Amino acid sequence: MTPTAPPTVEDALALGLTAAEYELVCERQGAPPNVLELAMYSLLWSEHCAYKHSKKLLRTLPTEGPHVVMGPGENAGAVDVGSDLACAFKVESHNHPSAVEPFQGAATGVGGILRDIFAIGARPIAVLDSLRFGEPLGQGATRTRYLLDGAVAGIGHYGNSIGVPTVGGEVYFEGPYEHNCLVNAMALGLAERERLVRSAAAGEGNVLVLFGAATGRDGIGGASVLASAELTDGGGEDGAGLDSKRPTVQVGDPFEEKKLLECSLELLARELLVSLQDLGAAGLTSAAAEMASKGEVGIEIDVARVPLREPGMEPFEVMVSESQERMLCVVEPANVEDVLALCEKWEVGGAVIGTVTDSGLVRVRDGERLVGEMPVRALVDDCPLYDLQPRKPDAPIYPPPAPSSALSAGASASETLLALLASPNLASRRPLFEQYDAIVQSRTVRRPEQADAAVLALPDGGALAVSIDCNGRRVAADPYTGTVAAVLECAANLACVGAQALGTTNNLNFGNPEKPHIAWQLTESVRGLGDACRALDAPIVGGNVSLYNEGATGPIYPTPVIGMVGRLPDARRAGRLGFARAGDRIALVGPFAPSLDAGELAKLLGHSLPDGLAAIDVVAVADAQDAVREAVRAGRLSSAHDVAEGGLAVALAECCLAGGLGAEVELGEGTVAGATVDLFGEGAGGFLVSGDADAVGELGESAALIGLGTVGGEVLRIATPGAGEILSVTLAELGHASAALGLLFG
Amino acid sequence: MKFGVLRFPGSCDEVDALRAAARVGDAELIWHGERDLKGADAIVVPGGFSYGDYLRAGAIARFAPAMESVISFARDGGLVLGICNGFQVLCEARLLPGALLVNANRRFTFRQLELEVVNARTPFTRACVAGERLSIPAKHSWGRYYADERTLAAMDDAGQLVLRYAPGENFNGSLHDIAGVCNERGNVFGLMPHPEHAVDELTGGSADGLKLFESIRLAVEGARG
């Protein structure tokens, strides 16, 4: 498509619209759209902006609850955290940009989610990230390490430079993510509850001010061409063919965003704005149309007044550019001068680019010339929504993983534990999180590896707890139960620091929803998400959907990343995961029913994914979480840690490593379902706690509890009544195994 | 006494420094474009990325109007504490000898570190004792302290090597494990670790950093007699 030739249906197809959608655009416009109009429709009607394959499903999710201050539909959701404060939070993906250019893709992912937070008037206080890559060893390792290194450096570059701590996150390495990595970033912000702002444009005659960075040709077509299609590379080795998509990736400048952040918050604090919206995917097109739609008004923009980074940009390029670090606000005419003066103080560009009208149209001018005119409703609301055609696949979608060479046949329990601890999914994340500033802003009560959830102090003496989690392999084995497990895992992490969930965000990372088996994964997963969040009273306040995550080698594991924010009443009593005191009793709490199915050991052994997982008794698990949470809040326990990947033995090892103390454990008769399952089986609802005998005994009155042994020494030793000692590993050996990820960053 | 904490557009730790200083005295932010130091008895040049640090860490910040005032203030004997990016700025401004190079591990690294007090007679360490260990976090990409050997020997003789990384803690590769240095006169001090982040057990991993702020208070009030 050249800017001068009238576009055709072929141009529409190239921009990602279907022929039927193009017809509908023509009908709504009353004529075939011109170049600029077609460009704007193609973006706003893309999967990324219109959620056309997921919106119907998302409507089934619970979004209301006593703590919800702002639900889905705004730039971020928000929950009441007490003392008239609200916590805004959201997770977003930047998967395809990161697969093409990991450093900038990840960096701008962080930049984008931070803008969502301060766009509603909250000061960003924390970032977490959820990453998925292919295997870092063996075939495909070169690409995996390149992506991992770039993404981690990019996240650090942005968060560290802007002064927002990166307090937590997760990373998994699995073959299905090799081609299409996942980079999801979550951010939290704090605001006075009454001062949260919405993005709806209002007030005919009010002025649109664009402020922040100048607009350039970067990120053109990011939302449609890159984010809403499968990631095909034309067959280059190591994704080299993806280079052709590099121009669709934006470039981030954290210093510019730091100024933009401070400027935005000061503009809001001085009550100079009617509304505020960040420019993300689809740039000015999306920001203007969304603001007009929410305010049920019209908007007129003069692209000639937009400050440009380079001359000669076409009007459509100005409207669709995804240049970073920009915000759009609505200002009453009397305040424009003050707004621009404040922009000058913070050294961010500010320009009046248009007005709010009562026309119900988005009208784009280039100086005197009208270059595009579209009904707001047609742009934002009239994109057709599609019903999915879910069908459970008859045969497995994913090949079995290659067996790990780290685990020889007939390995002892000790050797198996060390192999698990050294495996990429379980090894210590220290080499990654040490690249992030976790403490700036002086709120971080629990840093990475100190507790199951990050804990951030609140001014009233309480604290926020936050966790992000999803085991995609489990979701692949059973989309419903796997998603329920991911939600429970997040809530368990919160319970271990003493926090109760207030709200949930999610990023649904899936393959191509037009394929029946992916549609089935998505449908089942959303059903699990809704059921689990309802059961835990942890409503969904916002989120994001990232579809078409597949390439030539097939789809990713379905990965509904869950982010959960909770509150605990006393920051000083936030739980820790490490054993703290020799002589403390160790106990396993909760309805833990371990199984090797879809677990880490099964992966190391090269087992295929099972067809379905055992159902989870959500109510029983939630009850156990309640009991653990109360015990932590009472300050009675020395440590609390949920049993997750790698099962009980790995959880024990993690408690030992975090506390620098060994443990003597005896698995009682009641737990014997075969030592391997007892040691390494996984399942929801298991918690490992330690404390003095009274504290542990008390907890046993409110939850199922099995005494396991005693903290102390420098060895983790596990015995059974029948077989005697079955596992014995020193702290030094545990530490050495767990440090395996350091080799990737040599 | 009163601390003035500089604020550049890309400062990140200025509010943390302000709060830390406010635990021992009055404290106020000073905008980079202002020349008035607002009657401060001591100046903190905080961490962050002053103007984005795209040229070289601290290279632009030294030319800020507020820094011009800080340079005169230091020449008159005023106490100036530079933390992380602030240390880089003070080196760029030639208020401190040496330079900060990219970390030996070539990565941004955040770690809680053990530091050793080498000289406890400075205005910044007088609440400590020589040989004392302080637990203070560090987080930076450009923290490898470098000066030529002759300069280092002279600094050592003059007691300008104030803080050292304890054995095994020097991840950035600083020469002689140097974590913090002062000028010859002893009134300007810079360090890479962040004492303002170690003022509260709850969030700082320790409260050892408070001793540096407390030292400044003692020095200022002692000088007033």
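In which sense, parallel or antiparallel, do S14(A) and strand S15 of chain A pair, and over how many bridges?

Modeller: The model is a predicted one. For the complex, the predictor gives an ipTM of 0.95 and a pTM of 0.94.

S14(A) and strand S15, residues 454–457 of chain A, pair in the antiparallel sense, and two bridges join them. Within this pairing, Arg446(A) has Val455(A) in S15(A) as its bridge partner. In general, the strands of a sheet pair through backbone hydrogen bonds, in either a parallel or an antiparallel manner.

The pair belongs to an open sheet of six strands in chain A, whose order is S14-S15-S16-S21-S17-S18 and whose pairing is mixed. Strand S14 (444–446) is an edge strand, as is strand S18 (540–546) of chain A; each of them pairs on one side only. From one strand to the next, the twist averages 20°. A helix also packs on the sheet: helix H19 (residues 516–535) of chain A touches strand S17 (500–509), S18 and strand S21 (559–568) of chain A. The direction of H19 makes about 175° with that of S17(A).

S14 also has a place in the meeting of the two chains. In total, 24 residues of chain A are in contact with 19 residues of chain B. On the side of chain A that touches chain B, S14, H8 and helix H10 (254–269) each supply at least two residues. The residues of that side divide into nine nonpolar, eight polar and seven charged.

The axes of helix H7 (residues 102–119) and helix H8 (residues 141–162), both of chain A, come within 7 Å and cross at roughly 35°. The crossing of H7(A) with H8(A) is right-handed. Among the residues that make this contact are Gly105(A), Val110(A) and Leu114(A) of H7(A), and Leu147(A), Gly150(A) and Ile155(A) of H8(A). The residues of the contact of H7(A) with H8(A) comprise 13 nonpolar, seven polar and no charged.

Finally, a word on burial elsewhere in chain A. Helix H3 (residues 35–44) of chain A is mostly covered, with ten of its ten residues buried. The buried residues of H3(A) include Glu37(A), Met40(A) and Leu43(A).

Conventions: Residues are numbered from 1 along each chain as its sequence is written. Chains are lettered from A and ligands numbered from 1 in the order in which they are written. This is a predicted model: local features need pLDDT of at least 70, side-chain atom pairs count only at pLDDT 80 or more; totals for chains, interfaces and linings use all residues. Axes are lines fitted to C-alpha atoms, for helices over the stretch in contact, and angles run from 0 to 180 degrees between N-to-C directions. Helices (H or I, at least four residues) and strands (E, at least two) are DSSP runs, numbered from the N terminus. A crossing is left-handed if the near helix is turned anticlockwise from the far one by less than a right angle, and right-handed if clockwise. Two residues are in contact if their C-beta atoms, placed from the backbone, lie within 7 Å. Ala, Val, Leu, Ile, Met, Phe, Trp, Tyr, Cys and Pro count as nonpolar, Asp, Glu, Lys and Arg as charged, and the others, Gly among them, as polar. Two strands pair if DSSP finds at least two bridges between them. A residue is buried if 20 or more other C-beta atoms lie within 10 Å of its own, exposed if 12 or fewer, and partly exposed in between; C-beta atoms are placed from the backbone.
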